Amino acid sequence: GAQRVATNKITENQGFAFGDRVVGLQFHPEATEAWIMSCIEEGKQFPVGPHVTTPEAIVEGLVFLHPLRKWFFGLLDRMALIAAKSTVETR
């Protein structure tokens with residue numbers, strides 16, 4: 001009964017919403033550029049494989065941080081509105 005809310009080319013099922021108040025995500029929409037860069041620096045030896053993103057590709061993907069954050073906060077705002085409406089209706 002969950003609804004898919006996020007996908008990508010490699011993994012079709014990246015995020016789900018279940019009902020009005022449950023979301024499961026397999027990525028980090030809360031990430032900041034500083035955190036991502038520190039992860040790259042700390043993980044100097046990246047594993048090799050068909051689905052491992054290279055540090056260079058990660059840096060190139062930073063252009064998506066703003067749209068991702070906008071999507072994420074929009075999702076949270078919609079959930080908060082639904083929860084607030086539900087709370088008001090039950091009073």
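Grid points are joined across faces, edges and corners, and a volume is the space filled by probe spheres set on the points. The model is predicted, with local features requiring pLDDT of at least 70 and side-chain atom pairs pLDDT 80 or more, while totals for chains, interfaces and linings use all residues. Residues are numbered from 1 along each chain as its sequence is written, and side-chain values use heavy atoms, without hydrogens and water.

**The largest pocket**

Select Asn-8, Gln-14, Phe-27, Thr-53 and Leu-68, which lie nearest the centre of the largest pocket among its 29 lining residues. The volume of this pocket is about 1300 Å³. Next, colour helix 1 (33-42), helix 2 (55-60) and helix 3 (65-90), each of which supplies at least two lining residues; helices are DSSP runs of H or I with at least four residues, strands are runs of E with at least two, and both are numbered from the N terminus. Helix 1 contributes the most, with four residues.

**The strands**

Move to strand 2 (residues 15-18). Strand 1 (residues 3-6) pairs with strand 2 in the antiparallel sense over three bridges, where pairing requires at least two bridges found by DSSP. Within this pair, Ala-6 has Gly-15 as its bridge partner. On the other pairing, strand 2 and strand 3 run antiparallel and are joined by four bridges, with Phe-16 opposite Gly-24. Three residues separate these two strands in a hairpin, and Gly-19 in the turn has a positive phi of about 65°.

**Val-22**

Now select Val-22, in strand 3 (residues 22-25). Is Val-22 buried, partly exposed or exposed? Val-22 counts as partly exposed because its relative accessibility is 45%; buried means under 20% relative accessible area and exposed over 50%, with a 1.4 Å probe and protein chains only. Leaving aside residues up to four places away in sequence, Val-22 touches Phe-16, Ala-17 and Met-79, contact meaning heavy atoms within 4.5 Å. Val-22 and Met-79 are 57 residues apart in sequence, and their C-alpha atoms are 8.7 Å apart.

**A last selection**

Finish at Leu-65, which touches Ala-31, Thr-32, Glu-33 and Ile-36, again not counting residues up to four places away in sequence.

Methods:
1 Å grid on protein atoms, 1.4 Å probe; cavity = no way out; pocket = protein on both sides within 12 Å on 5 of 7 lines; lining within 4 Å.
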